[in-house]
Amino acid sequence: MTGVGRRTFLMGAAVAGAAASTGTAHAAPAEFAHGVASGDPLPDGVLLWTRVVTSAAIRWEVAADQRFLHVVKRGVTRTSAARDHTVKVEVQGLRPNHRYWYRFRVGNVVSPVGRTKTAGCGSELNFGVASCANWPAGHFAGYGYLARQDLDAVIHLGDYIYENLDGTVRPHEPAHRCVTLDDYRQRHAQYKTDRHVQALHAAHAMIATWDDHESADNSSSIGSPQHDPATEGPWGARLAAATQAYFEWMPVREGKLDRTFRFGDLATLTMLDLRSYRTDTTILGAAQRDRLISTLSTDGARWQLVGNSVMISPLKVPPLPGLPPSNPDQWDGFPVDRELVLRSLGDRKNTVFLTGDIHSSWANEVPLGGQSVATEYVVTSLTSDNFDDLLKVPPRTASLQVEAAFQALNPHVRFVELDSHGVSTLRVTADEVRFDWHYVADKKDPDSAVARAHSFRTRHNTAQTERVPL
């Protein structure tokens, strides 16, 4: 496989085996040390997650109130070393568009209380959006900010963990690049100890997909340029280990990450998996491509939202040393898949792609045949290094010229900001989709202030972006 990594891409711009292991590595004490989480909300149910090292029965409850005076669902489950003592419970029979509270119990030990919400909609939907959370590159204050917001769910677009060692703010565990199942388990466990991570998961259901760093940089089903079989063993064994750890530790239903969530007749959210089926010739794989095309062309929801881990808009790169004219790790490397997907939209101009990966902020009008057929909003990295970090200059200095060059070469790019870190929020109403970027003041500060910096919107059936005054 070919491709240019985000670090290489941004740096150039700055110039102008043990998949079946049953081991218990990093086993926590018999307590709920990694918090609780929920995910994959449906109109009538939700997935609950926690981790506790025990052989005893694990009791769970779901209530309609925070004090658990009105328990609506309860049950008993167990876990084991075979799944690293993680716990998943599929709760069904809930009411659409309702908040619930949940908790776990082992004997007299009670977990933190989590809050979740089933899918559905009233007159609007509100989501958090996040991507690219590199532990050693900074702290996760942006997650804490989202935890305090009133949201229906959080959409995570990938790079929830990083497999490598890249940054100096705080050390990664293990202190080497992840290769084995125990490595990936330990890395996931470390992330789940962060107070902002725990607050985010306890406050909102998460709808997640992965990108590459959950396994290895620029990964695909057939390999990674950052994997060395001579020293790290077969790629298939490493990918299987990363996959098993991800499904153990993330609040997602196991099996596949390309799936669809429906929020009444207001919006349908299709989450893509752009790594598992990727080869040198396809980013989607035939089956996922057919499902996506069917949903985008026939679904009756007013808005079609697509959780998309890498940029779908074409992007010409300014002529800079060491860089190709485009980034083939994005959809630019797979023009046939992109054209088939975009042509399927026909006259429908209600599709919004939600994208991560590139450690910067973008608002794009996705072109096809000389006109915009969809819009794309790109959330910046939570902490992963971007332009000013790599250049080691103050933000909003050297980047300005490069941002202007990107927009000059790509007239469909309506906004680009290469420096800041943070999270985004997405508000969906019948009339518009609004995307807001919220930037942290200092990613090295765990208590950093977070403030809304930019806002854009897409009015229904226009496939255009429009800046919203602050």
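Colleague: Which residues of α3 are buried?

Modeller: In α3 the buried ones are Leu181, Asp183, Tyr184, Arg185, Arg187, His188, Ala189, Gln190 and Tyr191. Bear in mind that this is a predicted model, where local features need pLDDT of at least 70, side-chain atom pairs count only at pLDDT 80 or more, and totals for chains, interfaces and linings use all residues. Residues are numbered from 1 along each chain as its sequence is written, and side-chain values use heavy atoms, with hydrogens and water left out.

Colleague: What makes helix α3 mostly covered?

Modeller: Nine of the 11 residues in α3 (residues 181-191) are buried. Buried means under 20% relative accessible area, exposed over 50%, and partly exposed in between, with a 1.4 Å probe and protein chains only. Helices here are DSSP runs of H or I with at least four residues, strands are E runs of at least two, and both are numbered from the N terminus.

Colleague: What do the buried residues of α3 pack against?

Modeller: They pack against α4 and α6 (235-249), where contact means heavy atoms within 4.5 Å. Helix α4 (residues 195-203) has buried residues too, among them His196, Val197 and Leu200.

Colleague: Why is Thr270 called buried?

Modeller: Its relative accessible area is 6%, so Thr270 falls below the cut-off for buried. Thr270 sits in strand β13 (residues 267-271). Leaving out residues up to four places away in sequence, Thr270 touches Arg259, Thr260, Leu292, Thr295, Leu305, Val306 and Gly307.

Colleague: And Arg459, why is that one partly exposed?

Modeller: Arg459 has a relative accessible area of 37%, which puts Arg459 in the in-between class. Arg459 belongs to strand β21 (residues 450-459).

Colleague: Why are α7 and α8 called roughly parallel?

Modeller: The axes of α7 (residues 286-298) and α8 (residues 335-343) cross at roughly 25 degrees and come within 9 Å. Angles under 35 degrees count as roughly parallel, over 145 as roughly antiparallel, 65 to 115 as roughly perpendicular and the rest as oblique, so α7 and α8 are roughly parallel to each other. The axes are lines fitted to C-alpha atoms, for helices over the stretch in contact, and angles run from 0 to 180 degrees between N-to-C directions.

Colleague: Which residues make that contact?

Modeller: Arg289, Leu292, Ile293 and Leu296 from α7, with Asp337, Leu340 and Val341 from α8.
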